[in-house]
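Please look first at the sequence and the model shown below.

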Number of protein chains: 2
Amino acid sequence: MQFQISNWQQLDKTAQQALLERPLQQQSDSLKQAVKQIIRAVRTEGDAALQRFSLEFDKLQSNPLRLSDESQQRLIGSLSDELKTAIQIAYRNIRSFHAAQVPQNIRIETQPGVICELNYSALDQVGLYVPGGSAPLPSTVLMLGVPAQLAGCRRVVLVTPPGQPEAGDIAAEIVYAASLCGITEIYTLGGAQAVAALAYGTETIGKVDKIFGPGNRFVTEAKQQVSQDARGAAIDMPAGPSEVLVIADDTANPVFVAADLLSQAEHGPDSQVVLVSPSEALLVNTISELTRQTALLPRAEIAKKALSNSRLILTPDLATAALVSNQYAPEHLIIQTADDQGLLGKLTNAASIFVGPYTPESAGDYASGTNHVLPTYGYSRNHSSLSLADFYRRYTVQHLTADGMRDLGPTIVKLAKAEGLDAHANAVSFRLAELALHAKISEGNRP
Amino acid sequence: MQFQISNWQQLDKTAQQALLERPLQQQSDSLKQAVKQIIRAVRTEGDAALQRFSLEFDKLQSNPLRLSDESQQRLIGSLSDELKTAIQIAYRNIRSFHAAQVPQNIRIETQPGVICELNYSALDQVGLYVPGGSAPLPSTVLMLGVPAQLAGCRRVVLVTPPGQPEAGDIAAEIVYAASLCGITEIYTLGGAQAVAALAYGTETIGKVDKIFGPGNRFVTEAKQQVSQDARGAAIDMPAGPSEVLVIADDTANPVFVAADLLSQAEHGPDSQVVLVSPSEALLVNTISELTRQTALLPRAEIAKKALSNSRLILTPDLATAALVSNQYAPEHLIIQTADDQGLLGKLTNAASIFVGPYTPESAGDYASGTNHVLPTYGYSRNHSSLSLADFYRRYTVQHLTADGMRDLGPTIVKLAKAEGLDAHANAVSFRLAELALHAKISEGNRP
């Protein structure tokens with residue numbers, strides 16, 4: 001493997017920008033068209049289309065779609081106690097971090113007789129997409145299922161493509177993690193067709209209000225398309241390839257730094273890996289470690305491809321390293337420096353930050369308690385990490401008493417007239433007139 | 001005007017659904033293409049493109065783009081004290097309701113030595129789009145500007161098309177409302193070109209992270225397009241025509257009900273107006289009032305067009321009226337019934353609820369304190385009313401102590417191995433090995 005260290009200060013603005021530019025992730029028109037057709041087929045043909053696509057894409061014969069309770073019990077029974085315990089610990093930590101996020105309704109009187117409320121209501125029905133592929137992802141089940149459970153969504157549906165196509169089965173880890181989150185409505189279904197089924201419903205699968213979870217290009221495109229239709233479903237956030245940026249100084253252990261970069265690189269060939277340091281020695285030693293550790297990995301080929309696009313950036317100091325990170329706006333940001341708390345104050349635009357030598361990204365990916373569903377691809381500058389709030393809708397309630405209307409009414413009339421909206425003004429002045437009439441009558445009734 | 005009362009119980013499911021169906025709001029391909037070209041022109045030509053489009057669409061000659069401080073002062077000086085006071089009262093109420101929403105950072109130890117934080121950070125730069133057109137909308141300035149000010153966004157930019165094209169001026173009300181919110185960066189610019197300038201920046205206008213505010217079809221489409229580009233900008237919410245649903249029983253005053261329906265209808269010919277009631281008398285009396293009040297309105301023609309698509313629905317009882325509302329998922333929901341608090345508990349899927357005889361929609365549109373930027377077109381079932389939260393990004397921070405790593409590490413390794421991600425496991429086991437070595441050394445050093 002060839003690595004190149006870029007010296008930030010020796011680059012002009014354009015070259016600096018180019019260095020941090022992410023590769024363009026344009027969905028091809030043919031992919032968009034294919035997804036559009038899959039969605040249309042599911043909307044018009046329902047389950048029949050799901051069966052056809054499952055056979056075509058997942059080689060799944062005569063799919064019963066819904067995973068029966070018996071199958072769920074059988075799969076859970078097959079899991080080792082050791083793995084069950086590990087999933088339980090992750091569940092417990094994720095649950096306690098998200099339970100601390102339960103929102104409080106707000107009720108205030110903005111002026112006498114004018115009461116305003118901001119209320120939170122759990123989304124009624126949510127769909128969780130859990131990718132299948134080479135390995136099962138019980139951690140994603142927990143990251144989506146725990147907040148859905150805590151918010152109290154009335155219906156939580158999980159879809160995931162089959163792990164072993166012949167058996168039509170889902171991985172036991174996924175089913176067990178789902179059971180901890182109280183999820184029993186599970187479908188062996190993946191791809192754009194699963195997203196379409198969740199968004200519009202079929203004979204078997206009821207439609208949901210919002211779809212959460214990561215997926216491949218087809219899933220991503222399908223989520224995008226259904227979210228742009230009011231009759232479809234909302235989605236959690238825009239998607240992009242996973243990425244990490246590490247800031248390390250010469251107190252950092254290159255073994256740890258290299259391992260952290262590799263744990264990002266092994267995700268996929270399009271994973272983004274960036275190391276920023278004011279220490280040339282740390283950069284050089286990390287490169288040696290990267291070569292040594294990569295050789296040991298079963299997924300070395302994937303990691304190598306990702307590393308070939310990695311960025312190793314030498315900065316004059318840590319303050320500049322922070323600026324580089326803020327400009328890149330990473331999904332994951334790892335800080336391994338002597339004064340990590342001081343640096344933390346300078347860092348913006350990162351979705352999840354890992355502080356100190358004993359906080360690898362893997363901790364947050366699995367079990368520290370934070371959510372691993374995060375805005376990536378630069379979206380962290382204007383999108384939020386997934387949290388409990390995403391499983392609620394916020395709405396307002398207001399109530400004006402007669403006195404409140406008497407006091408505030410004239411102001412509303414003035415503003416409505418200034419905007420040329422006479423009916424808005426009338427809705428108030430008719431009420432003020434009625435109140436004035438009432439006042440007169442009760443005055444007249446006085447002895 | 002012809003009105004027709006639909007009897008909910010006499011309709012089958014399909015007819016009920018059809019009655020509540022909103023008219024299809026499909027952006028034409030030619031509109032999409034036109035907006036795409038405007039965005040491309042602004043990205044490549046910058047200010048020159050803005051000048052050209054302003055001349056073409058807004059008949060604005062030699063536009064200086066930015067409204068000078070002198071012009072701002074002159075405009076503010078031209079405003080009557082009466083109107084200034086009304087805007088101040090609205091500002092005060094909106095501010096106190098949104099100030100109650102300031103989020104608290106969260107920090108918890110999910111297990112000993114594992115510290116997780118959820119932090120809020122104000123969006124750095126935001127752009128506020130305020131529509132121009134027939135009348136200035138200072139209320140929209142307050143609804144967007146107050147939360148931006150409270151959150152503490154570093155840069156807040158306002159764009160709005162010219163009020164009087166010849167003068168190139170913006171309405172004094174808008175400038176005054178902006179000044180209360182601390183906004184001085186104001187551009188005389190509207191349409192898709194304004195959205196493009198905010199999303200990508202030009203020589204004069206710096207790019208922003210997120211764009212807020214309503215607009216016409218071009219603005220809506222441009223917001224949609226830039227939000228799908230990671231290099232563009234995030235947006236507040238999907239758009240649709242404004243709408244109101246009123247639930248009233250025979251205790252309601254038909255004068256008020258009709259006025260509320262009309263204050264929605266006057267917004268535009270595509271406004272949606274729905275009245276649901278178990279009282280046939282109330283429905284009939286409201287129809288008479290609608291005819292009487294419409295005749296008095298300057299915007300009667302617009303209101304009549306909207307009313308021609310209105311829905312008047314007779315239900316067997318209030319519980320069914322609540323079901324109709326929940327199925328429709330209105331932007332604005334007005335309740336004028338004897339037991340309004342009891343009904344409130346049955347209502348879901350509304351973005352802003354107005355309770356009682358003295359709470360017209362106009363109250364929330366202008367001055368009660370709640371935000372009038374709301375999900376419409378059925379989006380209220382899975383999107384939130386605009387609130388202070390939309391002006392922040394949430395991110396997480398975590399820190400594991402050496403002890404925290406020792407305790408949690410083995411769990412992470414197990415989960416990573418179960419998911420086939422060896423580098424993720426290595427990032428932990430290398431740290432555990434180092435800690436074990438340290439422990440051995442310090443043990444060896446003991447006397």
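A residue is called buried when its relative accessible area is under 20%, exposed when that area is over 50%, and partly exposed in between, with a 1.4 Å probe and protein chains only. The model is predicted, and local features need pLDDT of at least 70, side-chain atom pairs count only at pLDDT 80 or more, while totals for chains, interfaces and linings use all residues. Residues are numbered from 1 along each chain as its sequence is written, chains are lettered from A and ligands numbered from 1 in the order in which they are written, and side-chain values use heavy atoms, with hydrogens and water left out.

Helices and strands must also be defined. Helices (H or I, at least four residues) and strands (E, at least two) are DSSP runs, numbered from the N terminus. In chain A, A:Ala329 lies in the loop between helix H13 (318-328) and strand S12 (332-336). A:Ala329 counts as buried because its relative accessibility is 3%. Its backbone deserves attention as well: A:Ala329 has a positive phi of about 60°, although it is not a glycine. Most residues other than glycine have a negative phi.

A:Asn349 also has a positive phi of about 60° without being a glycine. This residue, A:Asn349, is placed in the loop between helix H14 (340-344) and strand S13 (352-355) of chain A. Is A:Asn349 buried or exposed? With a relative accessibility of 16%, A:Asn349 counts as buried.

A:Gly163 belongs to the loop between strand S5 (155-160) and helix H7 (172-180) of chain A. Its relative accessibility is 42%, so A:Gly163 counts as partly exposed. Contact means heavy atoms within 4.5 Å. Leaving aside neighbours within four places in sequence, A:Gly163 is in contact with A:Asp169 and A:Ile170. A:Gly163 and A:Pro136 are 27 residues apart in sequence, and their C-alpha atoms are 7.2 Å apart in space. A:Asp81 is found in helix H5 (residues 81-99) of chain A, and A:Asp81 counts as exposed because its relative accessibility is 59%. From A:Asp81 to A:Val244 there are 163 residues in sequence and 33 Å in space, C-alpha to C-alpha.

Chain A may now be viewed as a whole. It has 17 helices and 14 strands, and its C-alpha atoms fill a box of roughly 100 × 60 × 45 Å, taken along the principal axes. Of the 447 residues of chain A, 62% count as buried. Among contacts in chain A between residues at least 6 apart in sequence, 74% join residues at least 24 apart.

The last topic is a sheet in chain B. Two strands pair if DSSP finds at least two bridges between them. In chain B, 5 strands form an open sheet in the order S6-S5-S4-S7-S8, and the pairing is parallel. The edge strands, each pairing on one side only, are strand S6 (185-188) and strand S8 (234-235) of chain B. How many bridges join strand S4 of chain B to strand S5 of chain B? Strand S4 (residues 125-129) and strand S5 (residues 155-160) of chain B run parallel and are joined by 5 bridges. B:Val126 stands opposite B:Val156 in S5(B).
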